[in-house]
Amino acid sequence: MAQLFFRYGAMNSGKSIEILKVAHNYEEQHKPVIIMTSAVDNRAGIGVIASRVGVKHEAIPIFTDTNIYDKVCEINQEANCVLIDEAQFLKKHHILEATRVVDELGIPVIAFGLKNDFRNELFEGSKYLLLYADKIEEMKTICWFCKHKATMNLRVQNGKPIYSGKQVQIGDIDTYYPVCREHYYHPLLKK
C-alpha cells in the first residue's frame, strides 16, 4: 500500500544526498521514479537537486501554481515512486495533491525537507506534511558547535545570529548552521 512519507531534518542532515541515493537505487533497477523539487531553492539552478558532496540530479521544479497530481499523471502514472526535495517550501495544495498521488494512483511519495525555519516556526509545507504524512522520519545531524543532536536552524548574518525577518532566505552553510537548542540561543560565534 502506497504511503506519504515526510523525512525531515535540520540543515546539513543529508536530506538531498538521501533523495539522490533513493533515486539512484530506483533508476539502477530500471524502475521509473519521478523526482521533483521546489522551484524556490535555486542554489544549483531551478529544477536541480544538489548535495553538498557534489552529486546533482535534474528534477521537475514545483512552482506555486504547479499541480503535483496533474504533473505525475502527465509524466507517468506507473512510476514506482515520487521523490520531492525542499518540501518545506510547498504550499498546502501541493501536499493535498501529493496525498492524491498516494491514495488515487497508489504511488508512494517521499518528501524531504526542513521542519522548522530559523525562527523555530513551521514552514507551510512542513506543517501540512506533519498533518497528512503516513510516516514521519527524522534525519539526524549534529550541532555545529557541540556533539549534541541539531534540531534547529540558526541564521547568521555578518557573524551574528538572526532571530527575525523574512522566513525564506535561500542560503547554505555560510548563512545557516544546524544547532541544538542551547546553541540556538547561545551560539559560539566568533566576535
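## Basis of the model

The model is predicted: local features require pLDDT of at least 70 and side-chain atom pairs count only at pLDDT 80 or more, while totals for chains, interfaces and linings use all residues. Residue numbers start from 1 along each chain as its sequence is written, and side-chain values rest on heavy atoms, with hydrogens and water left out.

## Helix α1

Helix α1 comprises 14 residues, 15-28. Helices are DSSP runs of H or I with at least four residues, strands are runs of E with at least two, and both are numbered from the N terminus. From its first C-alpha to its last, α1 reaches 20 Å, close to the 20 Å expected at 1.5 Å a residue; the expected span is 1.5 Å times one less than the number of residues. After α1 comes His30, with a positive phi near 60°.

The buried residues of α1 are Lys15, Ser16, Glu18, Ile19, Leu20, Val22 and Ala23. Buried denotes under 20% relative accessible area, exposed over 50%, and partly exposed the range in between, with a 1.4 Å probe and protein chains only. Their cover includes the strands β1 (4-8), β2 (33-38), β3 (48-50), β4 (56-58), β6 (81-85) and β7 (109-113).

Thr66 lies in the loop between β5 (60-62) and α2 (68-75) and is buried, at 9% relative accessible area. A polar atom of its side chain is 2.8 Å from the backbone nitrogen of Phe63. Leaving aside neighbours within four places in sequence, Thr66 is in contact (heavy atoms within 4.5 Å) with Pro61, Lys71, His93, His94 and Glu97. Thr66 and His93 are 27 residues apart in sequence, and their C-alpha atoms are 9.3 Å apart.

Thr99 belongs to helix α3 and is buried, with a relative accessible area of 15%. A polar atom of the Thr99 side chain lies 2.5 Å from the backbone oxygen of Leu96. Not counting residues up to four places away in sequence, Thr99 touches Leu4 and Tyr132.

Glu86 is not a glycine, yet its phi is positive, about 55°. This residue sits in the loop between β6 and α3 (92-105) and is buried, at 11% relative accessible area.

Asn158, also not a glycine, has a positive phi of about 55°. Asn158 is placed in the loop between β9 (152-157) and β10 (160-162) and counts as exposed, with 75% relative accessibility.

## The second largest pocket

The second largest pocket has a volume of about 170 Å³. On a 1 Å grid over the protein atoms alone, a pocket is an open set of points where a 1.4 Å probe fits, with protein on both sides within 12 Å along at least five of seven lines. Grid points are joined across faces, edges and corners, and the volume is the space filled by probe spheres set on them.

The pocket is lined by 16 residues, of which Val40, Gln88, Phe89, Leu90 and Lys91 are the closest to its centre; lining residues have an atom within 4 Å of a point. By class, the lining has 8 nonpolar, 6 polar and 2 charged residues. Ala, Val, Leu, Ile, Met, Phe, Trp, Tyr, Cys and Pro count as nonpolar, Asp, Glu, Lys and Arg as charged, and the others, Gly among them, as polar.

How values were computed
Polar contact = N/O pair within 3.5 Å; in protein donor to acceptor, adjacent residues only side chain to side chain.
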